[in-house]
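Please open the model in your viewer and keep the sequence panel beside it. The stops below are meant to be selected in turn.

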Amino acid sequence: MYVGGRSGFNGQGSNSPVGPGPSLVNLTGPYFPSEHKEVRLAGGGSRCAGRVEIHSHGTWGTVCDDSWGRGAASVVCRQLGCGEALSATNGSSFGQGQGSIYLDEVRCRGDEAYLWNCASEPWGQHDCGHKEDAGVECS
């Protein structure tokens, strides 16, 4: 997995140059096994609406809303068994989280099995504060 320079995950299952701009990576494989992570929604009043939080290695963290959209919301809703995504929210619409911000610039096609399979900045690298925590509302 390449995590720097001008190459990144191209959304087609391989790493190849994608031109200038931020490097995006797919957080799967032996370095980021999905069985070590969980996702939940917090602050929304039900298990199918709220701020997106990821549990990794004993700690819950949030997701930044930069590039957050319906594709990512669809992945989270499906991952949680909560039906279709009704909306992808930003600006901490479900309150500000605490602790780490694990993902930034998340770009999902919408068919990924897990949120961490989507292209994003490298794990734990971000330029966000919790005022930018991402959320979802599912059906």
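**A tour by selection**

Begin at Asp 111, which is exposed because its relative accessible area is 55%; here buried means under 20% relative accessible area, exposed over 50%, and partly exposed in between, with a 1.4 Å probe and protein chains only. This is a predicted model, in which local features need pLDDT of at least 70 and side-chain atom pairs count only at pLDDT 80 or more, whereas totals for chains, interfaces and linings use all residues. Residues are numbered from 1 along each chain as its sequence is written, and side-chain values use heavy atoms, with hydrogens and water left out.

A search of the whole structure finds five salt bridges.

**The charged network**

Select Glu 53 next, in strand S4 (residues 49-56); strands (E, at least two residues) and helices (H or I, at least four) are DSSP runs, numbered from the N terminus. Glu 53 counts as buried because its relative accessibility is 6%. Its side chain forms a salt bridge with that of Arg 40 at 2.7 Å, N to O, a pair that links distant parts of the chain, with Arg 40 in strand S3 and Glu 53 in S4, 13 residues apart. Arg 40 counts as partly exposed, because its relative accessibility is 33%. Now show Arg 51, which forms a salt bridge with Glu 53, the closest N and O atoms being 2.9 Å apart; both of these residues are buried. Salt bridges that share partners join Arg 40, Arg 51 and Glu 53 into one network.

Which residues surround Glu 53, leaving aside its neighbours within four places in sequence? Those in contact with Glu 53 (heavy atoms within 4.5 Å) are Glu 38, Val 39, Arg 40, Ala 42, Trp 60, Gly 61 and Thr 62.

**The nonpolar core**

Move to Val 52, one of the residues that touch the most other members of the largest nonpolar core, which has 26 residues. Such a core is a set of buried Ala, Val, Leu, Ile, Met, Phe, Trp, Tyr and Cys residues joined through side-chain atoms within 4.5 Å. The largest share of this core, six residues, comes from H1. Select H1 and look for its buried residues, among them Ala 72, Val 76 and Leu 80; what covers the buried residues of H1 includes S3, S4, S6 and S8.

**Strand pairs**

**Two loop residues**

Finish with the backbone angles. Most residues other than glycine have a negative phi. His 57, in the loop between S4 and strand S5 (59-63), has a positive phi near 50 degrees, and this residue counts as exposed because its relative accessibility is 67%. Ser 92, in the loop between strand S6 (85-89) and S7, has a positive phi of about 55 degrees, but Ser 92 is buried, with a relative accessible area of 12%.

Technical notes: A salt bridge is a side-chain nitrogen of Lys or Arg within 4 Å of a carboxyl oxygen of Asp or Glu.
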